[in-house]
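Thank you all for coming.

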Amino acid sequence: MAGCGIDPAPPGGVGSPAPAYTGVTLEGEDLALTDLRGEVVLLNIWATWCPPCRKEMPDLQALHDRHRDDGLRVVGVSVDASGSDRAVRQFLADYGITFLILRDPSERVSNAFQAYGVPLTVLIDREGTIRWRHSGPITADDPALQRVLGETLNLDRT
Amino acid sequence: MRRGPEGRTALAGALLALAAGCGLADAGELPPPLEDRTELESPAPPGSGEANLFAGADGRVFLTWFERRDEGGHALRVSVLDDPGAANGDGAVWSSPRTISEGEDYFVNWADFPSLIALDDGLLAAHYPVRSADGTYDYDVYISWSADGGATWSEPVVPHRDGVAAEHGFVSLFPWHDGSLGAVWLDGRNFPDPDVPSEMTLRFTTLTPDALGPEQLLDGRICDCCQTSAAVTSDGPIVVYRDRSPEEVRDISIVRYADGAWTDPEPVYRDGWVIPACPVNGPMVDADGRRVAVAWFTAADDDPLVRVAFSDDSGATFGDAIRVDGGTPAGRVAVRLLPSGDALVTWLERAGEGAEVRIRRVRPDGTAGPAETVAASSAARASGFPRMVRSGERLIFAWTDTTGEAPRVRVATARVPAP
């Protein structure tokens, strides 16, 4: 591909190291993915205007509630436009969301993870490797997600 | 030309050779896509966005945009470039902006933006999204008319008559054969009904300042949030849009008005892009007689591409898809046919931390000229959808610049080199 003058496929795929990425919390503080090294991170790129994103929010919250103590960190990155913080906060209140939310109006996260639509969810293991990637709404009981959660969180599977 | 979406043309050998290599259009002997690119003084102030362009048959170019009002809310504005042929940087002046509509209830967003069309009798029609209820995505299509060149505008009409608080948008306006206005839109009237599948639909109607035609369902399940695009061939109007299969394949489909009826949806090209998510990246179509060009973004197998396909039978069949991007496209395409039969395609290409609005000239046989940059931009949604129209030998571009303290619509012009 490089011989065609096309850039090689960027990172963001399963098996590749998670791209370097830093988002901003709703409180205005920077948070880098590397700050979460050692935890399993379920990174979800979403927006308030996206119907499938609204559909999956309860499932993301359920995963946060279910596995927080197992070392899972659910991180939702909102790519809503600048000036949307109030709408984002209202959305989170309406859906009862308590997991970590980052704001990224310039959509650096979409560029970093090559998200061609929203929502996009990736699971990053404790060493920073992407182990699962899904376009579209997730369900908390998705078998593939459950399997990789079991592996990365070292859950008792008996 | 080509027969069916996956067949091969008489130039199959050349195209296959391209496909076996990079899959890109061959940089043959075509000239660069533009010359004398010149930025024009924008009539839109800081705080503007959601720009759109329309080139009338008389050569005039209309620019519409939303701008924030000091007192709150927004105003939908229009400005006209009377003589794009003189728009070489000297004396090219947009008219003083006029207000189409203003208030506090617009659904102003980066992807579903207003449009304006001039009909042959001089009537102007403009559409814009207006909130209809308290739900975040409850909004209607409003259409206003002007009989005096945009100086004054009528009270709006709503072309859809479902009365449901739901999403109605992503409109395309086009002239209808009887002199009226044709309109297609994405219609979410089924969303609130628990007994009906929550499918986004594509619907159509005609209207004049005094009457509304019947509504018609064109497709019962399409992508929720991608722009539609319409053009008029010598055989009738055509509409392209991002479809949605039961398996969540979201490729580009076309419907055609032929022999007094709309056809069933047919694929323009089978990318096979499975994405149960919102690409927010619709196609665009242009037509000249029976010649048609459709450009679109796809990312099947996580491989982002911008493609264009040509038809010489008013969209009944298309040739092979020709890739035009540089490897890291973000999509947001525009396309215009040239009298020579070539097409100019613009798209947003990711470049480092930002993006560029790029343009490329492509021939139906797959040859293409070099890509050139029209403007620096951003891949963030706030940068919106760059627009392009052609008026004679002139190209007019509009895009949203987000690098300043406030976003602002910017405009530029260029000349199309002779082939």
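I will talk about a pair of helices, then the nonpolar cores, and finally one aspartate.

This is a predicted model, in which local features need pLDDT of at least 70 and side-chain atom pairs count only at pLDDT 80 or more, while totals for chains, interfaces and linings use all residues. Residues are numbered from 1 along each chain as its sequence is written, chains are lettered from A and ligands numbered from 1 in the order in which they are written, and side-chain values use heavy atoms, without hydrogens and water.

Helix H1 of chain A, residues 51–67, packs against helix H4 of chain A, residues 143–153, at an angle of about 30 degrees, and H1(A) and H4(A) are therefore roughly parallel (angles under 35 degrees count as such; helices are DSSP runs, H or I, of at least four residues, and strands, E, of at least two). Where they meet, in contact meaning heavy atoms within 4.5 Å, H1(A) brings A:Leu63, A:Arg66 and A:His67.

Turning to the cores, the largest nonpolar core has 73 residues, a core being a set of buried Ala, Val, Leu, Ile, Met, Phe, Trp, Tyr and Cys residues joined through side-chain atoms within 4.5 Å. Its largest share, six residues, comes from strand E3 of chain A, residues 40–46.

Lastly, is A:Asp104 buried or exposed? A:Asp104 is buried, with a relative accessible area of 1% (buried means under 20%, exposed over 50%, partly exposed in between, with a 1.4 Å probe and protein chains only), and its place is in the loop between strand E5 and helix H3 of chain A.

Technical notes:
Axes are lines fitted to C-alpha atoms, for helices over the stretch in contact, and angles run from 0 to 180 degrees between N-to-C directions. Angles under 35 degrees count as roughly parallel, over 145 as roughly antiparallel, 65 to 115 as roughly perpendicular and the rest as oblique.
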